[in-house]
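Me: I have some questions about the labels used for this model. Please set each value against its cut-off.

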Amino acid sequence: MNSTYTDPILDWYAANARDLPWRAADATPWGVLVSEIMLQQTPVVRVLPVWRAWMERWPTPAALAAEPSGEAVRAWGRLGYPRRALRLHESARAITERHGGEVPSSHADLLALPGIGSYTAAAVASFAFRQRHAVLDTNVRRVLARLVSGEEYPSKAQTKAEVALAEGLVPLDPPTAARWAVAVMELGALVCTARTPRCVDCPVLAQCAWHLNGRPAYDGPPRRGQTYAGTDRQCRGRLLAVLRDADGPVEKPALDVVWSDALQRERALDALIADGLVDPLDDGRYTLPT
């Protein structure tokens, strides 16, 4: 552990951390798990109302597992990437069946849940159970790339060297390690942002290799922003919105009217069916999965 980095960032976090419900003292492991799935590729401001509604309706994994997966898709609303809703439903069922309805504390057990990858398992083990793990999300990777490696952005694919660097900075004391994991993540979200970093507010500016080197521009492969308008993803969202807002199965014309490109519309509908997000009925109607 290098206290040159960790101590100032932990102090900064203590003074600047956002008051988020999944960080509260009474947050449940289930609430933490739900937040981690919802926050993937989605900003906090969009997640907050959906998370609150979700936790009010399904405060435990068993409560969600008792309902059809289509209700999870419906409640997901417009968060995007709705397969995450199906993964959460699958995880809720697995937690209920394998772990008596309690989110497991073991990193290995978390990793064995449906749709839970290495990042999410480490994050839940850290944030819900105060364990010692290296938690590497996009924000953390960017902070460490600038602070230690002197590069504006990390490589697109996570490397072994990057993981080793992150693990070497984790404090030995598990509760402190858990605070460090969320603190460096928060620094990346609020200060060391991707496009316009607020270096003047950085608690480790004097130690930042990227800043000390004159903030050299990124010279790796082109970083292309994600487009949305006109894409299959937008079309899928329009189709799902019709089904979410309906009281029951819908006729095909109700889907046809929301997207003019018939070829793209059919391709998007086929993909939704293949992903398990839409059920085609024998009578030609469509519904959320049951």
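Reply: Start with angles: under 35 degrees counts as roughly parallel, over 145 as roughly antiparallel, 65 to 115 as roughly perpendicular, and the rest as oblique. Axes are lines fitted to C-alpha atoms, for helices over the stretch in contact, and angles run from 0 to 180 degrees between N-to-C directions. Helices (H or I, at least four residues) and strands (E, at least two) are DSSP runs, numbered from the N terminus. The model is predicted: local features need pLDDT of at least 70, side-chain atom pairs need pLDDT 80 or more, and totals for chains, interfaces and linings use all residues. Numbering runs from 1 along each chain as its sequence is written, and side-chain values use heavy atoms, leaving out hydrogens and water.

Me: Why are H1 and H11 called roughly perpendicular?

Reply: Helix H1 (residues 3-16) and helix H11 (residues 174-190) pack at about 75 degrees. That value lies in the 65 to 115 range, so the two are roughly perpendicular. Their axes are 9 Å apart.

Me: Which residues meet where H1 packs on H11?

Reply: Contact means heavy atoms within 4.5 Å. From H1, Tyr5, Ile9 and Trp12 are among them; from H11, Trp180, Val184 and Leu187 are included. By class, this contact has 11 nonpolar, 3 polar and 2 charged residues. Nonpolar covers Ala, Val, Leu, Ile, Met, Phe, Trp, Tyr, Cys and Pro; charged covers Asp, Glu, Lys and Arg; the others, Gly among them, are polar.

Me: What makes H13 roughly perpendicular to H15?

Reply: The axes of H13 and helix H15 (residues 262-274) cross at roughly 70 degrees and come within 9 Å. The angle falls in the roughly perpendicular range, so the label holds. The contact has 7 nonpolar, 1 polar and 4 charged residues. Leu239 and Leu240 in H13 are among those that meet H15 residues, which include Ala268 and Leu272.

Me: Why does Thr231 count as buried?

Reply: Buried means under 20% relative accessible area, exposed over 50%, partly exposed in between (1.4 Å probe, protein chains only). Thr231 has 19%, so it is buried. It sits in the loop between helix H12 (209-212) and helix H13 (232-245). Leaving aside neighbours within four places in sequence, Thr231 contacts Trp259 and Gln264.

Me: And Val278, buried or exposed?

Reply: Val278 has 1%, under the cut-off, so it is buried. Its place is the loop between H15 and strand S1 (279-280). Beyond neighbours within four places in sequence, its contacts include Leu240, Leu269 and Tyr286. The C-alpha atoms of Val278 and Leu240 are 7.9 Å apart, though the residues are 38 apart along the chain.
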